[in-house]
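The sequence and the structure are shown first.

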Amino acid sequence: MYLRLGSVPTLVVSSGAAARDVFKHHDLAFSGRPALFAATKLSYGLLDVAFAPHGEYWRQARKVYMVELLSAARVQSFRAVREEEVACAVASIRSHPSSSPVNLSRMMLALANSIVCRTAFGGDGRGSNDIDRILAEAGELMGGFSAGDFFPRLRWLHKLDGLQARLEKVFNQLNDLHNKVIAQHLSREDHDEVDMVDLLLRLHRNPKDKNIIKSMDHVKALITDIFLAGTNTSSATIIWAMAELMRNPKVMERTQKELRQAVGYKGKVEESDLGNLDYLKLVIKETLRLHPPAPLGISRETTERCTVGSYEVPAGTRVFVNSRAIGRDPDGWSDPEEFWPERFLGGEVDFRGNHDFCFLPFGAGRRICPGINFGVAVVELALANLLYSFDWELPSEVHELDMEETLGITMHKKTPLHLLAKLPV
Ligand code: HEM
C-alpha cells in the first residue's frame, strides 16, 4: 500500500508475498530508519541501535548487542534474575485475595520492567516507580504522533505545541537516572555480578573498542534502547497469550496439562524445565502471529530507489512492515483468525521470518530484533509459571473478554486484563 502521510511518501508492507520481495531482494535498500523527532532526542542524537541510520556506527553498535549484551550465553547468564523476579510475581499473586481479580496487565509490565532494570542496572530492580514512570513517558513519546515527523519543515511548531518542552523534561529525567546509575557503577569495587552497564563501561575503557562506545552518551543511548524495546513488548505478549487462553479453554487445558506433567510437584517452573514444554512454545508462536506486540515494527526508510513487484519505490520512502496483517494473511495461513497453536507443529516456522515471510513478529533481515533470546526467555518463564501455579477464571461480571487493541508503537490489550487466580486442587 503506497500512501503520502503529510509530505512523506510511505509504503506499508502488509502481505507475506510483499514482505518476501522486500526482505529477499531489497533488504539493504530497506535498512534505513527515519530520524524521527522524539526518537532523535531520546536516543542522544541517534547513538542507539533501533533508530540509528544504517551505516558503520549502527553495524558496530548492533555487534555490541549481538556479542556482548544479548547473545544466547549472556541471556542465559541472567537466568537467576528472571527466576527470582517471576517467583516474586507469583508470590504476590498468591498473597492476593482469591475472590478479587488480579490486574495482570499492570503486574506483567512491572515484572518485565524489574527484569530489564536488574539486568541493565544491577541492584534489586524493585521499588523503582520513578524508573517505571520515566520509561512509560519516554515510550509514549517515542510511539506517539508528532506532526513534525510528517511535515519536517514544521518541526519548529513543537516549540509552541508543548511537545518539545515535554520531550526535554523526560530526556532530562532519563539522563539524570543514567548519570546516577553510571556514577554508582564507576564508584564500586570489583564484583562478581555483571550487569549491562558494567559491560558497556568495560567496552568504553577498552582502547580497542573506544571507537564504538566513545562517550557516556553512547552507553546511555544503548541502555535506553534495551529499556524501551524490551519491556512493553514482552509484557504485552504475556497478556495476549493469557487472554487467548481464557477464550480457548481446550488450549488452556492442554497447556496446563503439559506443564503440570512435565514439572511435577516441585512448586515452580525453572528455566531448565522449558525444554520439555513444546506445546507452550506453540502457544507463544500463535500469540505472536495474531498479536505481534510491535505490529508496525519500527519504521524504516529506503536508502536508495528500488523496484518492489512492479512498483518503483523512491529513496527516502518511509516503510512500515505490518506484521499483524501479515500474520493474518489468508494466502499464508488457513483460518487465519483462529487461535490454533497446532498449526505450528512440525517446527519449521521460526521467529526469524523463514516461512515465506508470513510470520514476522520480530521483523526480518538486517534489522531484525536483536532481543529475541531475551524477550522469549522472559515470556516463556513468566507464562509457564502463571499457568502452572494457578487456575484462572474470569470475574463473574465478565462474560466475554474484549480483545480491543491500543494504537501506538506497542500494541497492548486496551482494557487491562483482570483475572481471578485460584490455587489448583
Ligand atoms: C516479545 C518481545 C519482542 C518483540 C515482539 C520485538 C519486536 C521487534 C520488532 C518488530 C523490531 C523491528 C525490527 C525490524 O525493523 O525489522 C524490533 C527491533 C529491535 N528490538 Fe525488539 N522485540 C522484542 C523484545 C526485545 C528485547 C527484549 C530487546 C532488548 C533487550 C529488543 C531490542 C530491539 C532493538 C535494539 C531493535 C532495533 C534493531 C535494529 O534497528 O537494528 N527487543 N523488535
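## Packing of helix 5 and helix 15

Helix 5 passes helix 15 in a right-handed crossing; a crossing is right-handed if the near helix is turned clockwise from the far one by less than a right angle, and left-handed if anticlockwise. The model is a predicted one, in which local features need pLDDT of at least 70 and side-chain atom pairs count only at pLDDT 80 or more, while totals for chains, interfaces and linings use all residues. Residues are numbered from 1 along each chain as its sequence is written. Helices (H or I, at least four residues) and strands (E, at least two) are DSSP runs, numbered from the N terminus.

The axes of helix 5 (residues 79-94) and helix 15 cross at roughly 35° and come within 10 Å. Axes are lines fitted to C-alpha atoms, for helices over the stretch in contact, and angles run from 0 to 180 degrees between N-to-C directions. From helix 5, Arg 82, Val 86 and Val 90 meet Ala 377, Val 378, Leu 381, Ala 382, Asn 385 and Ser 389 of helix 15, where contact requires C-beta atoms, placed from the backbone, to lie within 7 Å. By class, this contact of helix 5 with helix 15 holds 6 nonpolar, 2 polar and 1 charged residues. Ala, Val, Leu, Ile, Met, Phe, Trp, Tyr, Cys and Pro count as nonpolar, Asp, Glu, Lys and Arg as charged, and the others, Gly among them, as polar.

## Packing of helix 9 and helix 10

Helix 9 (residues 196-205) and helix 10 (residues 216-230) have axes that come within 10 Å and cross at roughly 150°. The two helices are therefore roughly antiparallel to each other; angles over 145 degrees count as roughly antiparallel, under 35 as roughly parallel, 65 to 115 as roughly perpendicular and the rest as oblique. The crossing of helix 9 with helix 10 is right-handed.

Met 196, Val 197, Leu 200, Leu 201 and His 204 of helix 9 meet Val 219, Leu 222, Ile 223 and Ile 226 of helix 10. This contact comprises 8 nonpolar residues, 1 polar residue and no charged residues.

## Strand pairing

Strand 1 (residues 2-5) pairs with strand 2 (residues 8-13) in the antiparallel sense over 4 bridges; strands pair if DSSP finds at least two bridges between them. Tyr 2 has Leu 11 in strand 2 as its bridge partner. The two strands form a hairpin with 2 residues between them, and Gly 6 in the turn has a positive phi of about 65°. Strand 2 is also joined by 4 bridges to strand 7 (residues 318-321), and this pair runs parallel. There, Leu 11 stands opposite Val 319 in strand 7.

A further open sheet consists of 3 strands in the order 3-9-8, with antiparallel pairing. Strand 3 (102-103) and strand 8 (391-393) are the edge strands, each pairing on one side only. Strand 3 is joined to strand 9 (residues 418-422) by 2 bridges, and Asn 103 has His 418 in strand 9 as its bridge partner.

Leu 46 has a positive phi of about 65° although it is not a glycine. Leu 46 is placed in the loop between helix 2 (37-42) and helix 3 (56-69). Leu 46 counts as partly exposed because it has 19 C-beta neighbours inside 10 Å; a residue is buried if 20 or more other C-beta atoms, placed from the backbone, lie within 10 Å of its own, exposed if 12 or fewer, and partly exposed in between.

Asp 335, also a residue other than glycine, has a positive phi near 40°. Asp 335 lies in the loop between helix 14 (323-327) and helix 15 (372-389). With 9 C-beta neighbours inside 10 Å, Asp 335 counts as exposed.

Technical notes. Contact = placed C-beta atoms within 7 Å.
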